[in-house]
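Open the structure in your viewer and keep the selection tool at hand. This tour goes from the whole fold down to single residues.

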Amino acid sequence: MAQTLELGLDTFGDVTFDADGRLLSQPEVLRNVVEEAVLADQVGLNFFGVGEHHREDFAISAPEVVLAAIAGQTSQIHLGSAVTVLSSDDPVRVFQRFSTLDAVSNGRAEVILGRGSFTESFPLFGLDLSDYERLFEEKTELFTEILKEQPVTWSGSTRAALENQSVFPPTASGSLRTWVGVGGSPQSVVRAAHYGLPMMLAIIGGNPLAFAQFTDLYHRALEQFGKPTQPIGAHSPGYVAATDAEARDELWPHYSVMQARIGRERGWGPMTRERYEEEAGPQGALMVGSPETVAKKIVTVVQGLGLSRFDMKYSNGTMPHAKLMNAIELYGTQVAPLVREMLGESK
């Protein structure tokens with residue numbers, strides 16, 4: 001684990017209600033996301049990520065554009081994707097967009113590469129889901145070559161070959177921080193280690209400490225591939241309010257509707273209040289509660305998995321913007337200091 005833990009937030013730009021229960025438009029949500037990121041910077045958090053989706057319930061389809069808008073209004077916080085769906089994008093363009101973001105943010109850009117748990121981008125961009133694995137494998141291979149910021153020679157079956165081709169703009173530091181998002185597949189863990197890239201775990205249900213098998217596998221695979229030790233991060237949903245009861249009661253109606261909607265698409269059973277309370281409990285993945293409760297859960301996961309970063313997905317369904325802003329302020333001003341105190345760190 002790194003000496004100092006990084007604490008971040010991320011969002012998919014969930015389409016939310018306003019204070020009167022009106023569903024906001026996606027343009028309104030995007031402006032709110034920028035405001036939320038500015039607050040995250042002001043309260044001293046390390047990272048703000050936005051996820052790429054192509055759906056009516058999530059507003060962010062062009063993460064780098066949103067992040068560039070945020071970069072112009074912030075000064076310290078690192079900015080990245082959560083995740084970029086590399087399978088349905090072009091590695092050259094992804095690098096160019098993030099290296100441009102890195103320039104305009106003065107070196108604060110990061111990218112988390114993933115296959116995406118939603119598949120709407122495949123038909124949207126004319127791709128076949130049967131190529132799901134091959135697309136990500138080949139494009140990750142090419143992206144890691146581009147990351148060297150040297151002329152690239154590469155060939156594959158998913159895009160045109162490159163012959164001694166430079167990709168511009170380069171980053172000022174010569175290095176774009178790049179993670180691989182992993183949802184729970186051993187093959188994905190080994191892939192991240194194979195390319196020597198940091199791993200970001202998406203922990204959205206169950207006991208987070210069950211992911212220790214994946215962190216152990218990652219360390220072993222890095223060693224077998226002769227790669228240096230890399231950071232490990234984790235992302236989990238969460239919500240912070242003044243008390244545990246307030247946080248759980250405020251989140252429940254929004255979280256349950258979101259889970260029901262996605263569950264219908266994927267064949268999941270309904271989310272019951274009992275199951276929700278288990279996930280919000282000490283051994284569940286939901287970081288929901290008072291600042292002290294959330295801080296304790298984060299510390300347990302950080303120590304149990306040996307994390308260098310923890311990102312909380314603070315947007316969960318239709319929760320209004322004002323409530324999200326309050327949760328961000330509590331996360332930055334109360335949760336983060338408590339976590340650092342418990343870990344024996346200074347800010």
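**Whole chain**

Start with everything selected. Bear in mind that this is a predicted model. Show the cartoon: the protein has 11 helices and 12 strands. Its radius of gyration is 19 Å, close to the 20 Å that the globule rule gives for 347 residues, so the protein is as compact as a globular protein of that length.

Buried residues make up 56% of the 347 residues. Among contacts between residues at least 6 apart in sequence, 73% join residues at least 24 apart.

**The largest pocket**

Select Phe-12, Ser-117, Ala-202, Ile-204 and His-235. Of the 49 residues that line the largest pocket, these lie nearest its centre. The pocket has a volume of about 1000 Å³. Next, select helix 8, residues 244-266. This helix gives the most to the pocket lining, with five residues. Colour the lining by class and you get 21 nonpolar, 18 polar and 10 charged residues.

**The cavity**

How many cavities of 30 Å³ or more does the structure hold? There is one. Select its lining: Thr-11, Gly-13, Asp-14, Thr-16, Val-29, Asn-32, Val-33, Glu-36, Tyr-314, Ser-315, His-321 and Leu-324. Two elements give two or more residues to this lining, helix 1 (26-42) and helix 11 (321-342). Helix 1 gives the most, with four residues. By class, the lining divides into four nonpolar, six polar and two charged residues.

Select Leu-217 in helix 7, residues 212-224. Is Leu-217 buried or exposed? Leu-217 has 19% relative accessibility, and the cut-off for buried is under 20%, so Leu-217 counts as buried. Leave aside its neighbours within four places in sequence, and Leu-217 is in contact with Pro-186, Val-189 and Val-190. Draw a C-alpha to C-alpha distance from Leu-217 to Val-190. The two are 7.5 Å apart in space and 27 residues apart in sequence.

Move to Ser-99, in helix 3 (residues 91-104). Ser-99 is at 1% relative accessibility, so this residue also counts as buried. Not counting residues up to four places away in sequence, Ser-99 touches Pro-169 and Thr-171.

**Two cis bonds**

Stay with Pro-169. The peptide bond from Phe-168 to Pro-169 is cis, with omega near -5°. Pro-169 sits in the loop between strand 7 (162-165) and strand 8 (177-182).

Now select Ala-82 and Val-83. A cis peptide bond joins them, with omega about 10°. Look for Val-83 in the loop between strand 3 (78-81) and strand 4 (84-85).

**Two positive phi angles**

Select Asn-164, in strand 7. Its phi is near 50°, a positive value in a residue other than glycine. Asn-164 is at 53% relative accessibility and therefore counts as exposed.

End at Glu-149, in the loop between helix 5 (132-146) and strand 6 (152-154). Phi of Glu-149 is near 55°, again positive in a residue other than glycine.

Methods: Residues numbered from 1 in each chain as written. Predicted model: local features only at pLDDT ≥ 70, side-chain atom pairs only at ≥ 80, totals over all residues. Heavy atoms only, no water. 1 Å grid on protein atoms, 1.4 Å probe; cavity = no way out; pocket = protein on both sides within 12 Å on 5 of 7 lines; lining within 4 Å. Points joined across faces, edges and corners; volume = space filled by probe spheres on them. Nonpolar A, V, L, I, M, F, W, Y, C, P; charged D, E, K, R; others polar. Buried < 20%, exposed > 50% of the residue type's maximum accessible area, 1.4 Å probe, protein only. Contact = heavy atoms within 4.5 Å. Rg over C-alpha atoms; globule rule 2.2 N^0.38 Å.
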